[in-house]
Amino acid sequence: MEYPFEQIEKKWQKIWSDKKIFNAKNNTDKKNYYVLSMFPYPSGALHMGHVSNYSIADAITRYKMMQGYNVMQPMGYDSFGMPAENFAIQHNSHPRITTDQNIEIMRKQFDMMGFGIDWEREVSTCHSDYYKWGQWFFKKMYEKGLAYKKRSFQNWCDNCQTVLANEQVEDGKCWRCSSVVRQKELEQWFFKITEYAEELLDFSGVIDWPERVKTMQTNWIGKSFGTEIWFRMEDSEDLIKVFTTRPDTIFGCTFMALPPEHPLVTNWLKLKEEPENSKMHKFCDKIMNEDTINRTSEDTTKEGIFTGRFAINPVNGEKVQIWITNYVLMDYGTGAVMAVPAHDQRDFEFAKKYDIPMKLVIQNPEEKLILEEMKEAYTEPGILVNSDNFDGLESTESMTSISEWMTENNMGKVTITYRLRDWGVSRQRYWGNPIPIIYCEDCGTVLVPDEDLPIKLPENVQLGKTTQNPLLSADDWVNVKCPKCGKPARRETDTMDTFVDSSWYYARYADPKNNEMPFSKELADNWLPVDQYIGGIEHAVMHLMYARFFHKFMRDLGMVNSNEPFARLLTQGMVTKDGAKMGKSKNNAIDPQYIVDRYGSDTVRVFMLFASPPDKDSEWSDEGVKGAFRFLNRVWRLFEENLELIKNISVTLSDPAMPDRIEGSDNKLCAEIKKLRYSTHFTIKKVLNDIENRMQFNTAIAAIMEHLNNVYSIKNVETLNVAEKVIFVESCVAIPHLMYVFAPHLSEELWKIIGEENLLHEAGLPKFNEKYLIQDEITYVIQIMGKVRGKINVSVDATDDEIKKLALEVENVTKSLEGKEIKKMIIVPKKLVSIVAK
C-alpha cells in the first residue's frame, strides 16, 4: 500500500503557508542567510530542469533554518525578452497576457512542490514597479558616462529579429533558437563594462566560487600586456593602430590583416570605386556572416583579399600591404594585426598562399635559418637580425627596449588591452524595458525626467516576425514632446537587453515594495551579498559577469557596501533526457505535474537530489523516480509498523539527556543493536558533513537509505530490552529528522505523528555522539575474482589471519572455491577481503 502523499503534502503546504514560516524578517536577532536561485523565464510551465535547481535551493534553505538562521529564499520572474514575446506570438496573443498567465501557472507549480519561498518578496521584471528602476539605472549610467551610443556591426538573429551580445552567440548560433547569427551594422546603446575590467578580474570578494567560472570570466575579459603600434596609411593621414604582444618582431612586418568589420574597411566599401558587386564587397559579406569561432580556428582555411592599399611601418618606413582576412576579429586588441609571416604560423600560411613577402628578424641561435628554405614559421626565442640598432639582442629581452624606443619616438606606446568589449544593451524587440531617451532636433539626446518614469510600453503594436522594431508601429507612443523645449521629438524605440533586468534583481528582493528608490541601502546591506547563489554554468560570462559589473556600479553610487553580489556560487548540472538538455526550447521537457500527481513532490525532490551531485548533469529516469518512491514508502511503513513503540518511548535526537538514559547499559545490548547505534550516529555525522561541507546531497540521501536498511535488519523488535528499544527508536526518529531537507512533507508528517509539537525546522539539526562512532566490529565484504560472495563481521582488533580464516568459513565462499586453488588473498583494511582463485 502506498503512503498517502497527496493528503500529506497538501496538509503541510497549508500549514507552512498559514504559519508564514518562509517569510524572512528584516529585523530579527537571528543571523540572516540569503539563498537565491536564478529566476526563470515565464515562457511556459516549469520543467524538471527548474525543479532540480529549486530543489537544491530549498534543501539549503531548510538546512539553514534548522541551524537557526533567518533565511530568505525569494522568487521572481525574468519576464521581459525574446522567450516571452515569442511565446505570445506563437499563441496569437499579447505577451502581457501570456506572461501573467504563465507566471500564475508557475506560481502554482512552485506551491505544488512545497518550495519554501517568501512570496511577499515576489518580483516580475515586466511590471512597471520593477522596470521603472531599470530605466532609472540607465539614466545613472548615462549621467556617469557609462552609457553611450555608437554605430557598429552587431550579431543579428533573423529568426528572433534582434541583436545578440557576443556572450549570447554559441558556436555561431543564437543561444535561444539556434539560428545562424549574421553581422548587421546598427546604431546601438552600450554600457561601458570595460571601465570595470580590472575589478572584474579580482575575485577576492567572493567566498566560494567554482574555479571553472572564475577561469571562464578571466579568459573572457582577456587581459593582455603589450604594445600599441601606429601605422600611417601611405596615401592619407589615417592611422591603423595595432596591438601586439611581440614588439620584437616589428621589423619583420610585411602585411597588415584587417577584419571585414574594421571601420577603415567599412569606409572603403562606401567609396564609388567599390560597388556592391565588387570582389571586396562580396568577400566581406561572406566572411562577416561566418561563425566567428570557426574563423579563428586553426583548422579553418585562411582566406583574404588585397585592398590595393599600403601602410607605412613606423620603425623602418617600409611599405606594408593591407589585406582583409577571415582570421582576424574586431573583438581583440584594436581589430588590426601586424602580420609577421616568418615568425607566426598563421601569417606564414597566409603569406605562402598569397605570395606575400617575408622577412626574417629572429635567428635560431642553434641552427641558422635560411628564409627561402623555411617550411614553417620560427616562433621560438632567438637573436634579432635585420632589426637595425637592435640586431644581436636576445628577442625576449629586447621587447622592453623596443617598446620604450617606439614610445620615445611617437611610434606607439606600452599598453594593456582586454578581449572584453562594452556591453551592447539595445534590442529591437517590443517586450523589453524602454530606454529612457528622447531625440529632439534642437536639444539632441535628452533623458526622460524622473517624474515621467516609468515609460510604459504601448499596447497597440504589431507583433509578429517583422523586418522592423514593433515599437515603430506605435506612432502615438513614439512621437512625443521634448522634455526640455516642448517641440516635437521621438522616443528611443530600442528596448534594453533582458540581462539588464537580471543584473540587479537580487538586490530588489531585499526591499521589493519600495516606491521611492530601487531599494533601501540599509536593507540591502542587511542581506547582501547573497550567501548562496544557484544557477547554470551557461551564465558564467553573461548574467554572472553583468551582475558583478552592476553591483560594483551600485556600490560606486553609494547604494551598497559590498563589492560582490554573490558570496557563494553553485553551478548546478543540467537535467538531460535521452542525452539532450531538458528544456522547453528542445521540446523534451517533462511536466512535473504528472510526476507529482502520481508519486508526490517529495519523490521528485529525492530523485532529483539523489540522481547526481548538484554540480553534475543528471539523466532523467522513470525507474529512478520509482526507486525514490519505494524508498519513501519503506520509511512510511517503518513508522506504521512501529508507531506505538516510537510514541511510547518518545526519543528525540535533540534531547541532550538521551544518551544518559542508556549509559552503562552496553553490556545489555546485543551486537546488532550496537551496530544500529553506530549506524545512527555515523549517518547523522555523514549527512551533516555532506550538506554543510561538501554540498553533496546525493551521498547524504544514499547514507539515509543505507541506514534505513540497517534499521530494517533488526527483527523481532518486541523482544528487545528497554535499552535496545531506545536505540531502535533513536534510529527510526533520525530518519525524518535527517530527511527533512530532502523530503519535507513526509518528514513533517512523521515528526508530528510520533508526538512532536514543534515543526521540524524548529527542532534544530540532529546531533551525533562521537563515543558511539567507535565500532566493536567491522563488516568486511568478501569478493572472489571481483564478485561479491558474502560478508563477515569481525572484531576491530582482528588480525589479517583471523579475517582470512573467518572469510573462508562463509558457506557461499566455500562453495564458490570448490575445485579451485587460492592464489592470493588481499585484505583492504576495514573494507574488503579479495580472493584470487583458479
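Trainee: Which domains does the largest cavity lie between?

Mentor: Domain 1 (5-125 + 502-602) and domain 3 (427-497) both give residues to its lining, so the cavity lies between them. The domain bounds come from an automatic or database domain assignment. This is a predicted model, where local features need pLDDT of at least 70 and side-chain atom pairs count only at pLDDT 80 or more, while totals for chains, interfaces and linings use all residues. Residues are numbered from 1 along each chain as its sequence is written, and side-chain values use heavy atoms, leaving out hydrogens and water.

Trainee: How much space lies in that cavity?

Mentor: About 150 Å³. Of its 18 lining residues, Gly81, Met82, Arg427, Asp497 and Thr498 are the closest to the centre. A cavity is a set of points on a 1 Å grid over the protein atoms alone where a 1.4 Å probe fits but cannot get out, and lining residues have an atom within 4 Å of a point. Points join across faces, edges and corners, and volume is the space filled by probe spheres set on them.

Trainee: Which strand gives the most to the lining?

Mentor: E6 (162-164), with three residues. Helix H3 (82-90) and strand E26 (495-496) each supply at least two. Helices (H or I, at least four residues) and strands (E, at least two) are DSSP runs, numbered from the N terminus.

Trainee: New topic: what order do the strands have in the three-stranded open sheet?

Mentor: E30-E29-E31, with mixed pairing (strands pair if DSSP finds at least two bridges between them). E30 (580-581) and E31 (618-619) each have a single partner strand, so one side of each lacks a neighbour in the sheet.

Trainee: How many bridges join E29 to E31?

Mentor: Two, and those strands run parallel. Threonine 576 has glutamate 619 in E31 as its bridge partner.

Conventions: On a 1 Å grid over the protein atoms alone, a cavity is a set of points where a 1.4 Å probe fits but cannot get out, and a pocket is an open set with protein on both sides within 12 Å along at least five of seven lines; lining residues have an atom within 4 Å of a point.
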